[in-house]
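Please open the model in your viewer and have the selection tool ready. The stops below follow one another in the order to select them.

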Amino acid sequence: MIKKDTFFTFFKGHKYSIYLYLLNLISFLILILFVDINLSEDYEFWKRAIYSLLGDFFLLFSPYWFISNRYKWTSIFPILFLSFFFIVNIWYFRFWDNFLPTTSLHATKNINGMLLNSIRGLVKASDLIFLFPSAIILTYICFFNKKLKREIPLRIKCKWIFFVASLTAFLFFQFIRIEKARRWYQNDFELRLSYKQMLINDLNNPVFNSIHYFNTNGIIFYMIRFFSDYVKISNIRQELSEEELKTIREYLNSHNNCSTPNFFENNKTKNIIFIIVESLNAYVINKEIEGKEITPFMNSLLHEQGTIYSLNVETQVRDGRSGDGQFIYNTGLLPLNGFLTPMMVVPNIKLPVLSDNYKGYLSRDAVFADDGRSWNQSDNFKIFGFSNVYAQDSGDSHVLLRGSDGAMFDKAIDLIKKAKKPFFMEIVSISMHVPFQDPGVPSFDWLQQIEMSKNDRNYLRMTTYFDQELQKFVAKLKDIDLYENTILILASDHSQNITVDKSEKINDVEIPIVFIATNTGLSKRIETKKGQIDVFPTILEITGHFQDIDYSGVGFSMLDSVNNSLDRIEEIQNISDLIIRGNYFHRINRH
């Protein structure tokens with residue numbers, strides 16, 4: 001081609017095909033611009049997504065050059081698909097602040113008049129702009145389709161050159177995307193990941209937030225994960241045999257005995273505040289660095305009269321991470337292995353929930369330190385039985401001033417002052433989440449002077465900050481004369497792969513997590529190693545409600561000196577899997 005023709009003669013012979021290709025590229029960029037305009041206030045990193053999306057264009061249109069001139073008009077379909085994809089997801093975003101998750105394909109029962117009316121309220125006339133790029137291409141095809149058909153067909157050699165060039169462009173933009181992500185991991189997490197590891201992470205890591213995954217990885221990876229997760233969800237369900245039903249029934253019945261009957265009877269009318277603490281490793285409790293305590297206030301709680309605590313609880317979360325921790329604490333079940341239980345399971349089955357055991361409580365609220373989008377949190381906590389769920393935006397001025405956890409505790413205190421008593425409240429922190437860089441958290445001079453990695457220092461900074469904010473929160477509870485009549489519970493959602501002096505094993509499963517409960521009427525340190533699944537029945541026992549319910553969890557109370565869930569973990573995981581996969585509690589209610 002280059003030897004026989006000049007560029008201009010080649011362009012003249014194929015200009016309508018080239019124009020159509022360029023028109024598709026421009027339309028693709030316009031669509032991204034429209035989405036950015038709709039979402040940029042909440043997601044500034046759309047500007048970084050341009051690399052993955054541009055690469056996606058070249059891959060999506062790599063077959064373009066093999067399409068005969070007669071059928072070049074079919075190139076409108078990818079743009080048309082993206083137009084409708086973005087319109088639907090913009091509607092979903094306006095209500096849920098997220099892109100449509102895979103679980104939505106299984107929620108067909110939700111399609112009703114109420115849903116359609118809700119959608120009608122989300123539609124704006126300006127949404128028609130998303131059809132503008134497709135309209136431009138369609139107009140071009142209508143005017144120039146005959147001329148397209150009469151163009152000289154591309155030589156097979158040219159087709160392959162353009163095809164290889166398209167794939168090269170895709171790989172180039174993917175390389176830029178992955179390289180930026182690698183630098184981010186290296187700078188913020190001090191992790192050096194290979195390109196192979198990054199690619200495996202893109203395909204296998206849990207999708208905790210749909211829009212974040214789309215922005216980070218682009219449309220190609222997004223659609224691969226969307227439909228692969230759909231296949232996974234489809235394989236979750238199973239029909240329970242009579243033998244399996246009997247196995248579940250017998251196991252649950254064997255748990256109906258309380259190890260301390262009536263001991264905590266006086267706690268039945270106490271308020272309950274359950275704080276699920278992000279990434280709190282047990283080794284920071286009672287730990288000093290160069291004579292300075294990391295968590296002086298939590299350390300003091302351990303010595304209060306009436307405190308029950310364990311610093312030897314085993315993390316049992318799986319791919320759902322923080323969402324799994326919240327799931328374990330609120331249902332008394334273990335998450336499925338290989339699935340995002342908070343997103344794939346919770347919205348689709350009937351579950352026993354912790355708050356159902358406190359129906360006599362006049363107020364049941366949940367307060368998040370973040371926006372509640374990740375892991376389907378806001379929706380799940382409504383399923384967990386909380387009447388009101390409060391979240392906060394990371395860009396809020398109060399959050400930037402006080403830090404996420406400080407603002408969270410301020411919100412909780414405001415709600416507690418107005419709440420009818422007794423109340424049940426769950427509070428979910430976030431500042432100690434990786435990469436440990438909450439912008440509202442101050443620096444601590446004593447930490448800056450200690451020689452350690454940036455990652456270790458930032459983790460300790462966030463941990464110290466949380467401890468201080470917890471102290472302020474408790475002080476406010478005391479100021480309004482509520483602390484003594486409140487059972488305050490703290491439990492880590494999971495451990496974090498970070499150790500300050502490297503003396504601890506750096507394995508997420510082997511780093512123990514924390515359980516602390518104050519004002520229980522019993523002072524006790526639990527020395528024996530326990531499972532995270534045991535927190536659910538322990539809370540029921542120390543609040544005086546265990547003996548009044550038909551217990552539906554799979555763990556044992558930490559106060560049980562005979563039974564230990566870790567000794568029967570395979571059986572417990574099997575029972576939990578059967579309950580979830582067979583939708584056991586829905587089935588027994590039907591009968």
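Start with E571, which is partly exposed at 36% relative accessible area (buried is under 20%, exposed over 50%, partly exposed in between, with a 1.4 Å probe and protein chains only). This is a predicted model, in which local features need pLDDT of at least 70 and side-chain atom pairs count only at pLDDT 80 or more, while totals for chains, interfaces and linings use all residues. Residues are numbered from 1 along each chain as its sequence is written, and side-chain values use heavy atoms, with hydrogens and water left out.

R568 is partly exposed, at 27%.

Next select R525 and E527, another salt bridge, at 3.5 Å between the closest N and O atoms. R525 is partly exposed at 40%, whereas E527 is exposed at 55%.

Move to E179 and R182, whose side chains form a salt bridge at 3.0 Å, N to O. E179 is buried at 15%; R182 is partly exposed at 22%.

For a network of salt bridges, select R402, D410, E469, K472 and K476. The structure holds 11 salt bridges.

Finish with the cysteines C142 and C158. Which is buried and which exposed? C142 is exposed at 61% relative accessibility, and C158 is buried at 4%. The disulfide count is zero, a disulfide being a pair of cysteine sulfur atoms within 2.5 Å.

Technical notes:
A salt bridge is a side-chain nitrogen of Lys or Arg within 4 Å of a carboxyl oxygen of Asp or Glu.
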